[in-house]
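Hi,

Here is the structure I promised to pass on. Have a look at it first, then read my notes below.

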Amino acid sequence: MNDSAAPSSPLTGVRAVMESAVVVIVADAHRTVTCWSNGARALLGFTTADVIGRPLDALLSADGTAFRHYRGVRVDASPLVFPLILEGRQAGYLLTVAHEADSHPPDDDQLLTWAFYENPIAIGVTDLDGRLLCSNQAMSRAAGSSEAELRGQNVTEFLTGPGFSEITRQLLRVAETGVPETVEAFVRSPGEPRAHAWAIDTFPLTDEYDRTHAVATCIYDYSEQHGSRKRMALINEARAHLGMSLDVWGTARELAEVVVPRFADAVAVDLLGEVLGGELPNSVPVGPLTLRRTVFLPHSGTPFGHLSPGELIVHPASSPVASCLRSGRPELHTLADRKVADWFEKNPAEAERLRRDGVHSLIAVPIHARGTPLGAMLLLRNAHTPEHFTSDDLAVGLDLASRAAVCLDNARRFLHERGIALGLQEALLPHLPGLHPAVETAARYQPASGDTETGGDWFDVIPLPGARVGLVVGDVVGHGITAAATMGRLRTAVRTLADIDLPPEELLTHLDDIVSHTADTDETPASELGEIPSDVGATCLYAVYDPVAGVCTLARAGHLPPILVRPDGTAHLVDVPAGPPLGLSSLPFESTEISVPEGSVLALFTDGLVATRDEDIDTRRSSSALSTSTWRTSTTASPNSSPCAPPFGGLGSRLTTRPSRARPPPSAESSTVRLLTEAGATRRALIQDFLNSGILVSSEGADCCH
């Protein structure tokens, strides 16, 4: 390399040379490359990343009189070297190649060569035995070695990893069959901090006679597209998975199950206390923020030891959770961020937990629904996922939280409305069956739990003249506040009609007229709202027990018949003529009269007692659920039996009045009245056990049983 005379300044003569140069290379005083122009890249094939920091001599021929190409061949172009002088000292070198006045446009072969070596897709050509013949710069970067070092090696010798192990076999198959193949691999290249997604295309290089002479492999890094596809799949799964229940705790759990382990190594969902009570939260308070930990889900096998669900968490005002909930914007942090350090300073216990768990990055996302803050979601990654959260992950976290917020708010509103309906239903039902000299009555009311709406099932015990008693049970179509209000309206109507001492079939006829007229005169018909009026289609069973005659007269409107358990323990369904549900027909109702011996148990109930989501009513009626042995067991069950135990298991609100046991009225003429005898005391004990046992439960709607 020949130096020209040193100019007096680093820039002296440089501008004139730059204007006539197609190659500009700058090296420091130690002859290390510090600047690389596009012209240098076009001429020599090296990218900026390939040469910056490398010795200048590595770019020159052995004698220093010419440049060396990326492929190792000599470039027929002599460099001009200009020392750079700064403050009287040599600070570096400037190398250029002057334009040739008679230069010609590149030919096709040269253009194809440039296209091959400068292609951003890694390309390699192998022989029919799988050994590398040549490769471009992108392949060298992926392998971490120069083309000269790679030449003659098998592909799997410089591209290691489980995803690349199939390449050699793929190359040999393509060489043999001549059929191109494509595979995908997710592996980490040498020198890369994280794994990449690779698309590997292999195809034969053939002549005009279709003979294969070599095999080319193109390896394309599509990590960005792969990440976008994964994020979109996660969002789609959240769309399908969230909102499966109308329970706040359950919805938070669904969100956590979507996030872990596909997106985060652990997730915490903290909600405002009002949300868990069904109330609408106010604005977020200033200062430390107290939230209820609704769910904390770590990836299995990770050492997370955070607080358990249900505990109160106090987030300092400087914490990412409190900050994001106030601002309404998600936050992305690493543990080295200043804001996280301030948070740790005010909450050393949380800092110790996060450091012990190996957390390296986190995302705090507010959960807002319809402009109302509900809580926040904290996403964590530790050593199980070495990659830190990115800005793309921040957008995904916000999307997930937004979808979950709507479902959480729906669950909160359902909880609020269910509480109103439950309170209304409890207020409209009789609190305790009144004492009656002719019958002993027992009732059980158990409302729905979880995400099941309160139904419109109801019952009543009505004293009648002549020591008689009216027993009624009904079921209103629908659920919620409307059903509870309709239930109260029907119960009031039945009591009014019973006061004028109508027989059961006439009472149901008048009740049917009331329902029909109400539906016809409603100022805002439910049909216009796309709904069926809740009183239309309601069912009802009305029974009048006469203790003097020892008989019971019954009629029903679309309701299930009652069960009669005789003193000897035998049980059977009472054959009551079936009438249409209320408000659906003008057909007459018929009654039946049965004999009820002293000590018998008459049980009235709603369809929820025998209908489940898995079986219809007819199946349950024909099964052992209503058999003699079942009811014999029920009346002698232990008081400690579970309310959800057999014979009638299921889900839904439970409204159960226990069987009514017949006994004669107190009369001087009656020789069978012995209320204090041992037998009478035993029967009362059985009824009390039956009431405490909780055996009769339901599956849909409220259950009612007399």
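Let's start with a pair of strands: β16 (residues 361–369) and β17 (residues 372–381) run antiparallel to each other, joined by nine bridges. Strands here are DSSP runs of E with at least two residues, helices are runs of H or I with at least four, and both are numbered from the N terminus. Two strands pair if DSSP finds at least two bridges between them. Across this pair, I367 sits opposite G375 in β17.

Before going on: this is a predicted model, so local features need pLDDT of at least 70 and side-chain atom pairs count only at pLDDT 80 or more, while totals for chains, interfaces and linings use all residues. Residues are numbered from 1 along each chain as its sequence is written, and side-chain values use heavy atoms, leaving out hydrogens and water.

Both strands belong to an open, antiparallel sheet of six, ordered β14-β13-β12-β17-β16-β15. At its edges are β14 (312–315) and β15 (331–334), each pairing on one side only.

What about the core? The largest nonpolar one (buried Ala, Val, Leu, Ile, Met, Phe, Trp, Tyr and Cys joined through side-chain atoms within 4.5 Å; buried means under 20% relative accessible area, with a 1.4 Å probe and protein chains only) has 59 residues. I367 and L379 are among those with the most contacts inside it. Helix α15 (residues 391–428) gives the most to this core, nine residues.

Leaving out neighbours within four places in sequence, L379 is in contact (heavy atoms within 4.5 Å) with residues including V259, F263 and F389.

Cheers

Note on methods
Buried < 20%, exposed > 50% of the residue type's maximum accessible area, 1.4 Å probe, protein only.
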